[in-house]
Amino acid sequence: MKLFTKLLLSSLTLSLASAASLNLQKDQLQLREETITLSKRFDNATIVYFLALGNSTCGTTMELNDFIVSINSEQYEGGSRCLEYVTVSYEGMSSTGQIVNECTTCPPYGLALSPGMWSSFGLSTEPSVIYGDWVFDS
Ligand SMILES: *[C@@H]1O[C@H](CO)[C@@H](O)[C@H](O)[C@H]1NC(C)=O
Ligand SMILES: *[C@@H]1O[C@H](CO)[C@@H](O)[C@H](O)[C@H]1NC(C)=O
């Protein structure tokens, strides 16, 4: 949706201001950068299980059956990713969960999944580490 709006805005800019071709090129470059950011997929990321219970760092209350994730500190961005959604793929299955917590022990690009989300992949708690792909939904 966001991307569509940006594309639309960009084409409006194009038809309204064809004289300002230098500015247009700049806009198009920015659009390309945003497109790359939006579609970025984190492949073979370390994904662990965590006991999601109680207060999260985003200020929500966690329940075991919620589809929620803790995200590595770097991508937690001091809380600016709170309440966004990620979609995790593993062995042909995918599952969407909400970012509610910072995972300080996760490696770069790593996530920790609540028991509810973890078991949606048909996993028990052993092994408690898998390697999967994930994207930000927005
Ligand atoms: C995924 O990452 C793990 C751990 O770093 C590594 O052992 C494995 O070979 C990687 N798999 C692929 C397909 O890159
Ligand atoms: C969780 O948050 C609530 C509301 O802010 C607070 O009253 C409670 O003490 C917190 N619990 C823990 C274990 O920190």
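## Basis of the description

Two strands are taken to pair if DSSP finds at least two bridges between them, and helices (H or I, at least four residues) and strands (E, at least two) are DSSP runs, numbered from the N terminus. By the pairing criterion, Ile47 has Ile130 in β8 as its bridge partner.

The model is predicted, so that local features need pLDDT of at least 70 and side-chain atom pairs count only at pLDDT 80 or more, while totals for chains, interfaces and linings use all residues. Residues are numbered from 1 along each chain as its sequence is written, and chains are lettered from A and ligands numbered from 1 in the order in which they are written.

## Overall organisation

The chain has four helices and eight strands, which follow one another along the sequence in the pattern α-α-β-β-β-β-α-β-β-β-α-β. Of the 138 residues in the chain, 23% are buried, where a residue is buried if 20 or more other C-beta atoms lie within 10 Å of its own, exposed if 12 or fewer, and partly exposed in between, with C-beta atoms placed from the backbone.

Two residues are in contact if their C-beta atoms, placed from the backbone, lie within 7 Å. Among the contacts in the chain between residues at least 6 apart in sequence, 72% join residues at least 24 apart.

## The barrel

Six strands form a closed barrel in the order β1-β7-β4-β6-β5-β8, with mixed pairing. From one strand to the next the twist averages 45°, the axes being lines fitted to C-alpha atoms (for helices over the stretch in contact) and the angles running from 0 to 180 degrees between N-to-C directions. Strands of a sheet pair through backbone hydrogen bonds, either parallel or antiparallel.

Strand β1 is joined to strand β8 (residues 129-136) by six bridges, and these two strands run antiparallel; besides the pair of Ile47 and Ile130, Phe42 has Trp134 in β8 as its bridge partner. Three bridges join β1 to β7, in a parallel arrangement, and here Tyr49 is partnered by Leu113.

Strand β4 is mostly covered, with five of its five residues buried. Five bridges join β4 to β6, which run parallel, and Ile68 stands opposite Gln98 in β6. Towards β7, β4 has three bridges and runs antiparallel, with Ala112 in β7 as the bridge partner of Ser70.

## The nonpolar core

A nonpolar core is a set of buried Ala, Val, Leu, Ile, Met, Phe, Trp, Tyr and Cys residues joined through C-beta atoms within 7 Å. The largest such core has 21 residues, and those with the most contacts inside it are Val69, Ile71, Val86, Leu111, Ala112 and Leu113. The elements giving two or more residues to this core are β1 (41-49), β4 (68-72), β5 (85-90), β6 (93-103), β7 (111-113) and α4 (115-119). In soluble globular proteins, nonpolar side chains tend to be buried together.

Leaving aside residues up to four places away in sequence, Val69 touches Val86, Gly97, Ile99, Leu111, Ala112, Leu113 and Met117.

## Two serines

Ser114 is found in the loop between β7 and α4, and it counts as buried because 26 C-beta neighbours lie inside 10 Å. Residues up to four places away in sequence not being counted, Ser114 touches Phe50, Ala52, Met62, Leu64, Asp66, Phe67, Ile68 and Gly97. Ser114 and Ser70 are 44 residues apart in sequence, and their C-alpha atoms are 8.1 Å apart in space.

Ser89, in strand β5, is partly exposed because it has 15 other C-beta atoms within 10 Å. With residues up to four places away in sequence again excluded, Ser89 touches Ser94, Gly132, Asp133 and Trp134. Between Ser89 and Tyr131 there are 9.3 Å from C-alpha to C-alpha, with the two residues 42 apart in sequence.

## Positive phi angles

Most residues other than glycine have a negative phi, and most peptide bonds are trans. Leu83 has a phi near 75°, a positive value in a residue other than glycine, and lies in the loop between α3 (73-76) and β5; Leu83 is exposed because 12 other C-beta atoms lie within 10 Å.

Tyr109, also not a glycine, has a positive phi of about 70° and is placed in the loop between β6 and β7. Tyr109 counts as partly exposed because it has 17 C-beta neighbours inside 10 Å.
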